[in-house]
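Okay, thanks for coming, everyone.

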Amino acid sequence: MRAMVWFRSDLRIRDNPALHHACREADEGVVAAYAVCPAQWQAHDWGAARADFVLRHVAALSRELEGRRIALRMLTTPDFAGLPQRLLDLAGEHHCQRLFFNREYEVNELRRDAAVTSLFEGHGLQVRAFHDQLALEPDAVLTGSGGPYTVYTPFRRAWERVFEDSAGPEVLPAPRARPHMLGKPDPVPPLPAGLPGKARADLWPAGENTAGRRLQAFVERRLTGYHASRDLPAEEGTSRLSPYLACGVLSVRQCLRAALEANRGRLTSGDKGVLTWIGELIWREFYRHILIRFPRVSMHRPFRLETDRLPWRDDERGLSAWCEGRTGFPIVDAGMRQLAETGWMHNRLRMIVAMFLTKDLFIDWRLGERHFMRHLVDGDLASNNGGWQWSASTGTDAAPYFRIFNPVAQSRRWDPEGAFVRRFVPELADVPADRIHEPDEATRRRAGYPAPIVDHAAARAYVLSVFRPGAAAASSGGLPRATEPARKSPRGRGTPGGAGARRSE
Ligand SMILES: Cc1cc2nc3c(=O)[nH]c(=O)nc-3n(C[C@H](O)[C@H](O)[C@H](O)COP(=O)(O)OP(=O)(O)OC[C@H]3O[C@@H](n4cnc5c(N)ncnc54)[C@H](O)[C@@H]3O)c2cc1C
């Protein structure tokens, strides 16, 4: 039997179920395929940072596979529509009888895979799809009544129970070299033109070995202090492995295994840093479960459908100021400039800037989600959507609408010396710590730094009035002008419900 392995967001040879099983079953040879789909990438908001990162990994993967006498063939087709036939032609060229791939769960990807499967099976070829992206299968963590969890904490408890009952994270070995190669590897095409943002090969080196070394270095040097330093953007307290996880150069099972080894196999007790980090990996699992069970979140719909009618503001100037990091709020601008310069942003800042866009500027979270996707090297639909809907209070287990971050208080708390702000907002480099979080007018003028584009207290009052239960009826005659920050979109208005004490953070 000859097999074809189709690589997608699983660009590795170790712990790759599709590759592993293909190599075990195919006694007459294995060929691999990767598809570059520039128009589809654009439609899915891939930016240059992510596309470049992926293509460099594809080149590294091709070399690894060649060392095992597996040729990686490249297919280029504008979008998914042309893919089934191209894959079938390639399978025919190499006389493959079986296609192997690891499942992807986004709506377009599911449709694409269904079309490929139906075409292959229609031509008498077998298709074998494997579970890979999650540590536990999508249906393994369900409530007592068989439904999905929609709140993180009970999900985490159930996840831990199921995980402890399982055999642990099985990490598959890389396949051994094949006796002979089918076909020859193709060169990897250059980065498609016209993608937004910029590539940063210097910051994000490619290759499975690099990813493995980064994981090891993080576990050895920083994991045990993770709980204490993970919220401080000026420090390198987190793993920065998200780009590698997002394109599958590293599997979540490899991360879990490394964390468990550092904690003498314990999942729910032991080192605080390890437990906190595992908790973040479980957030990743949680958002993927949500995406699988509620496909609307990958189709620009909010998880909480009633929030679809919130009167988000049309504010192109505010949106541009936010995108370009010139809002006049140093911590927000530092975060947005970190994204533009490096393709990555610290998690604490992702929450601060997302909350700022959706609550201070009251701009539709989908615009922020798209901007992130276009610039992040770790762009990942499930986690990005989850993070944005959390910040906008439109998602599952989201920040309650009355929990509105105060960007100045956040800056004082998480960047007390202003070290992070100084790094990314160099015009404030000489401003002392007591003034850097909220520079006064004289300081701003001297530094050439913009004035705040919004009054936080007024914006907060406005948002509370719009979100508050019953606001739809109360505000149907118009929102209070005094606190309304600007023009509104014509989407209509509504409320997501919810209640509780207000507080500002
Ligand atoms: C508005 C917003 C947008 C986001 N967009 C993305 C995105 O596109 N891609 C992405 O991978 N993460 C996203 N996140 C989650 C999180 O910010 C990043 O995963 C994290 O900053 C990556 O840095 P790290 O690898 O050093 O993480 P670490 O702190 O070392 O965590 C380890 C891994 O756990 C996962 N993880 C950590 N935090 C979260 C979280 N809150 N939700 C889901 N998974 C998590 C990531 O895979 C991460 O690499 C977003 C968060 C917010 C608030």
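So, leaving out anything up to four places away in sequence, P407 touches F329, I331, V332, I352, F356 and H456; touching here is having C-beta atoms, placed from the backbone, within 7 Å. Quick note: this is a predicted model, where local features need pLDDT of at least 70, side-chain atom pairs count only at pLDDT 80 or more, and totals for chains, interfaces and linings use all residues. Residues are numbered from 1 along each chain as its sequence is written.

Is P407 buried or exposed? P407 is buried, because it has 28 C-beta neighbours inside 10 Å; the cut-off for buried is 20 or more other C-beta atoms within 10 Å, exposed is 12 or fewer, and partly exposed is in between. Also, L349 is 58 residues from P407 in sequence, yet their C-alphas are 9.8 Å apart in space.

Now, P407 belongs to helix α17; helices are DSSP runs of H or I with at least four residues, numbered from the N terminus. Helix α17, residues 407-414, packs against helix α13, residues 330-342, at about 75 degrees, with the axes 8 Å apart. Those axes are lines fitted to C-alpha atoms over the stretch in contact, and angles run from 0 to 180 degrees between N-to-C directions. So α13 is roughly perpendicular to α17, a label that covers 65 to 115 degrees.

Who makes that contact? On α13 it's P330, I331 and V332, and on α17 it's P407, Q410 and S411.

Notes
Helix = DSSP H or I, 4+ residues; strand = E, 2+ residues; numbered from the N terminus. Parallel < 35°, antiparallel > 145°, perpendicular 65-115°, else oblique. Contact = placed C-beta atoms within 7 Å.
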